[in-house]
Amino acid sequence: MSLWNRLKYLRPARRRREEREMREELESLAAIAGNNELGNLTLAMENARATWGWTWLESLVADIRYAFRALRSQPAFFALAVLSLALAIGANSAIFSFADALLLRPLPVTDPSAMFDVAYATPDNPFEGMSYPDFRDLREKSRSFSGLIAYRLTTLAATTDPAAPGQIRLTALVSEHFFPMAGVEPVIGRGFLPEEVSAPGQAVAMISHDLWQQFPGGEPVTGKTLRLNGMAFTIVGVLPESFGGLDRFVRPSIYIPLAMSQRLAAAPVDPLEDRGRHNLVVKGRFNPGSSLESARAELATIGVALEREYPKTNHNRRLTVRTELRRRIQQTPQLLALVKMLMGLVALILIIACSNVANLLLARARARSREIAIRLSIGAGRRRLVRQLMTESLMLALAGSGAGLFFAYGGIRLLQTLNVPSEPPSYLGVQLDWRVVEFSLLAAVASCLLFGLAPAWQTVRMDFLSALKSGGQGSTGHPRTLGRDALVVGQIALAMVVLIAAGMFLAGFRRMLVMVPDFRTDHVITMDTAPEMLHYSPEQTKAFYRRLVDRVRTISGVESVAMTESLPLSPSQTALSVVPEGYEFPKGTEKATVFGGAVDAHYFDTLRVEIRKGRAFTEDDRAGSRRVAMVNEQFAKTYWPNQDPLGKRLRLDTPGGETAEVVGVAKTGHYLLVNEAPASYVYLPYEQNPRARMTLIVQSNGDPATLAAPLRDAVRSIDGNMAIFNLRTVSTLYESRATGTWLQLFQMVGTMGCIGLALAVTGLYGLVAYTVSRRVKELGIRVALGASRKNVVWLVERRGLILALAGIVVGGLLTAAVAPMLMAGFVGLNASPPGVYVIVPLALLMVSAAASYVPARRAAALDPVRTLRDE
Amino acid sequence: MDLLQGTLDMLVLRTLLAGSLHGYGIAKAIHSSSKEALDIEFGSLYPALKRLEAKGWIASDWQMSEHNRRAKYYSLTPAGRKALAREHANWAEFVSAVGRIMGPLPEVKG
């Protein structure tokens, strides 16, 4: 039958009419033929209805109706089960949205799975960008891709008012076909024309939805002039809100053609023609028929050809292609560890919640045994009954996941506050979206199978004759609860794993709190400026910073002033390539890429970075004098083990670069993350290594925040167009980077621990209370025979404690397996102090004792005469 | 004698070619025109009628029966006629194919 015809039969009015007609027809036929002639007419009608093709739906609707009635008749059971599931599924959904933001969310392009990342891998760096000439050659030679795009991100000073200083904006410089290949259409205005992106021509820009929102309303935004680093661009279009660029954690505000690079930099030669400038991110879409393997092989060949043709710039560069997910994992392996750990822990919570619900269902199965027995005896199939019971479970799970979305929303709101204050803002896209909703539905279905199947099967397999005979109460005496005991033991064991994990993070957090920072965090404020955005020449930049430092020194309340290329623990760290004298590199590598940067002579005393050997830079380390450098202890240990680093020499950057002599060794600190493994660091004197952008470090004798306005004024008085950003106290940065992350991690894992504990204890309480209710008669006899209240309380308590102890033992074994995995994923998570292994089991025991005490008291308060009479 | 799978629909269509009949009438007609070899269960015939009706091959309306009672009479629609022709051709082909294989009854020794 056609779908349309079948759909007609879904209309209730149509069905009613058909049924009435059929009944009338069969009645009159029966009158003509005589009853026996026609056989079972009800069956005939049932079969005729089946030809409409909706029987499955009818029985499903019946199941759902029935499930509704069954669940409504036990609101307490329903509420408890839904709450358990809601907490667990909510936690899972919130963590999923976090994982999505960190790693998993696909690129915001059409058909993201066909988009692949192309990059160079060198022996020192698995991720290097491509130069534009290489990209162009690749696009011409490659047959694997139907399209290739390139872009790079940069920060520019942007303003619509030529008189005002620019604001720092993240800008993407994009190649031809960037938006068409992403499948993104502007919501206002137009995209780039081919002639605008292929060659420098008309200066045009597209802006993000966010930036558009910041424009005064009412006026059309297209056609407006946007000054980027002082150069005028015409806004031609606004991108949709859903498109935030192709990178995680940042959302470019402005998009301009890559072809504008030279004019933007006001450079004498086009940086796009420089094959040695490996700074483009390249992505491509596969042709139908290309596979990762074939593309890999083809790119390897192209890479080798490029290396042969351009040995100077492409030496030791391999072209690689990988999926977006692989790229993200390789870029941030620590996030993968975090995601795995968090997802693992919330999965445990879900298992605890599911065993809770399974436990409730098993208890309910006994109470319902009479109903089930009746249905079985009047001919309902067991399979059909299992389906019925699973429908109930599925409805529970869906209700749980629906309610869980509210918890998830709360959790997501909390996660959204996880951010490092910076300019341009970093962006962690934790959000409640369709992916999260889909995930929670999936979690609901999975948990339904987990908690529903076994109890349903158990329910319909019971001996229904005895159930009918005993009036639904089943046999009395010692109830057999082996399965349920195992569930509760498992719950307590899993809760213990989660709690110990929380304890480990708490210990990590406390260590961070008491950890003395490796540098001064009080009374210091920092400020970034970017003279290169105003096209300062190197000489002008040097002069600007000299004047700025001199001026800031005269501000009242300023103790000292220093400059650095990158501030420790700020999210953007600079790296240096060096060749340490005498060090044998493993085959294939010829330089070391380490954290490092230029600092001035006042850096070490202003920021109180300890010098362990030799001296700090002085005013005498200036341009033209003997080249010097400083390293940290980790660097000395790695590259010159058991040797005196003082007097050793370092060659900078590429082969053939300048050589500097090590004059001092600083204490190893933390540079990017407080929990990073000890990292090597190289300091260079600013005067010998002038940089285009420096961070000013100002030490105050009072509240450093009050210096913000005078610092701004000092910059303005030198150049009113200079963009100022990241004006913040070091303590703010340190808190958000050091303690903040750990506090938030601890809060997350701690919340999971609490949910797990609450669920496990509810399970234990439920089981003990159930046992008491099943043993009323036995307990009554004991009391009648003279057992004291104390005896009875202990009898019940003992059961709860035995279960808890068993759970703790199993949990201990599980933890022994899990803890090393946690510690491997997180530098800074040490084997937690033995205290955690004492406190958590003790706490579990106490809570279990308390949970069993409630039913135990009820048991002790039983009136023996009444209980025996009731039987 | 049991019916081959799917032949019931064809029999119903063929029976209705002669004129409209009610459900019980169809059963009786098949019974008698098969020289009482085929006894159709009404329980299987009725769903078949509804199926054919839903396909649009037969239509039904209320008429007075021979016993002066109201009954639902089924008749062939043009689509039903076409379907019957198609089924008939298939059937003939099927019979001749089976006939070619079976041939005259061979002598079975044993």
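Two strands are said to pair if DSSP finds at least two bridges between them, and both strands (E, at least two residues) and helices (H or I, at least four residues) are DSSP runs, numbered from the N terminus. The structure is a predicted model, in which local features need pLDDT of at least 70 and side-chain atom pairs count only at pLDDT 80 or more, while totals for chains, interfaces and linings use all residues. Residues are numbered from 1 along each chain as its sequence is written, and chains are lettered from A and ligands numbered from 1 in the order in which they are written.

**The sheet of chain B**

Strand 2 and strand 3 of chain B run antiparallel and are joined by seven bridges; within this region, Gln63(B) has Ala71(B) of strand 3 as its bridge partner. The open sheet has three strands in the order 1-3-2, with antiparallel pairing. Strand 1 (21-22) and strand 2 (58-64) of chain B stand at the edges with a single partner strand each, so one side of each is left without a neighbour in the sheet. Helix 1 (residues 7-16) of chain B packs on the sheet and touches strand 1, strand 2 and strand 3 of chain B, and its direction makes about 100° with that of strand 3 of chain B. Such angles run from 0 to 180 degrees between N-to-C directions, and axes are lines fitted to C-alpha atoms, for helices over the stretch in contact.

**The contact between the chains**

Residues are in contact if their C-beta atoms, placed from the backbone, lie within 7 Å. The contact takes 18 residues from chain B and 17 residues from chain A. On the side of chain B that touches chain A, helix 3 of chain B gives the largest share, eight residues.

**Domains and helices of chain A**

The domain bounds below come from an automatic or database domain assignment.

| Domain of chain A | Residues |
|---|---|
| domain 1 | 3-53 |
| domain 2 | 129-316 |
| domain 3 | 334-515 + 739-870 |
| domain 4 | 524-736 |

The centres of domain 1 and domain 2 of chain A, taken over C-alpha atoms, are separated by 68 Å.

Helix 25 (residues 730-774) and helix 28 (residues 834-860) of chain A pack at an angle of about 25°, with their axes 9 Å apart. That makes helix 25 of chain A roughly parallel to helix 28 of chain A, a description that covers angles under 35 degrees. Among the residues that meet are Leu757(A) and Val761(A) in helix 25 of chain A, and Val847(A) and Ser848(A) in helix 28 of chain A.

Notes:
Parallel < 35°, antiparallel > 145°, perpendicular 65-115°, else oblique. Contact = placed C-beta atoms within 7 Å.
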